[in-house]
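User: Could you take a close look at the aromatic pairs in this one and walk me through what surrounds them?

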Amino acid sequence: MSTRIAFLKGHGTENDFVIVPDPENAIDLPPAVVAALCDRRAGIGGDGLLHVVRSAAHPEAKDMAAEAEWFMDYRNGDGSVAEMCGNGVRVFARYLQHAGLIPGGDLAVATRGGVKSVHLAKDGDVTVGMGKARLPEGEVTVSVDGRSWPARNVNMGNPHAVAFVDDLAHAGPLYAPPPFSPASAYPDGVNVEFVVDRGPRHVALRVHERGSGETRSCGTGACAVAVAAARRDGSDPAVTGTPATYTVDLPGGRLVITERPDGEIEMTGPAVIVATGEIDPEWLETVVR
């Protein structure tokens, strides 16, 4: 920690990230350091951290190196490890382009949720192939301030509970994780989305992200919501044979989610690099002591 460490700040629909480039996986980022960097008052501030590593240099990604040169070692704002982050993948790809490591167009990004296909369009939007949703069986309930709602269990490489409500205010402050049952449905915690309708195939949501609290946007959450809404609306692409596209409004912006008849899901939205800088090594030493 004695040398200066470069960082960048970026966001996708205001889901913001500290970006730490580390191609050879030489930087130790224990949970306490990640949490300190993501602290909005005493650190840089972010919903999470994108650790940019070559797949061949990371033990969790070596098996994916033949498919994807770069691995998104994603961490939640509290320092915990996460499988995937949809907005994070878009910002990760934008960083690679910003740094001159890729020219744009199509690329593959390795994540703990598998290899994701990404397309950087000339208009600035980034499309990510998010894979297929899994819909575990069993009833799930989420609760806030004495109210309870049935929720759809959707797994996008990370777990989600999607509840359709009459008013987004019913979600409460979302500082703490909303209680859910049964506990066995999500042994490692869950991302919870509260959803209202805005029009035909147009919804809005608020989300509590596991390990981060309420965030301005959640890409995997938007995908989970679109899948849940399509099943609720009777427009399952596997049944109808036609793609289902939903516009999803989040507090930080808008994402467009399309599920194809083969189950593959694509998410399109913006990704922005905001700033670059260096982490002060003296400050970092106080964190790791």
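Analyst: Y74 is buried, at a relative accessible area of 2%; buried here means under 20%, exposed over 50% and partly exposed in between, with a 1.4 Å probe and protein chains only. Bear in mind that this is a predicted model, where local features need pLDDT of at least 70, side-chain atom pairs count only at pLDDT 80 or more, and totals for chains, interfaces and linings use all residues. Side-chain values use heavy atoms, with hydrogens and water left out, and residues are numbered from 1 along each chain as its sequence is written.

On to the rings. Phe, Tyr and Trp (its six-membered ring) pair if their centres lie within 6.5 Å, and planes under 30 degrees apart are stacked, over 60 edge-to-face, the rest tilted. That rule gives three aromatic pairs. In one of them, the centres of F17 and Y74 are 6.0 Å apart and the planes meet at 75 degrees, so this pair is edge-to-face. F17 belongs to strand β2 (residues 15-21) and Y74 to strand β4 (residues 70-76), so the contact ties together parts 57 residues apart in sequence; strands are DSSP runs of E, at least two residues, numbered from the N terminus. F17 is buried as well, at 0% relative accessibility.

F180 and Y186 also pair edge-to-face, 5.2 Å centre to centre with 85 degrees between the planes. Here F180 is partly exposed at 25%, whereas Y186 is buried at 3%.

Terms used: Helices (H or I, at least four residues) and strands (E, at least two) are DSSP runs, numbered from the N terminus.
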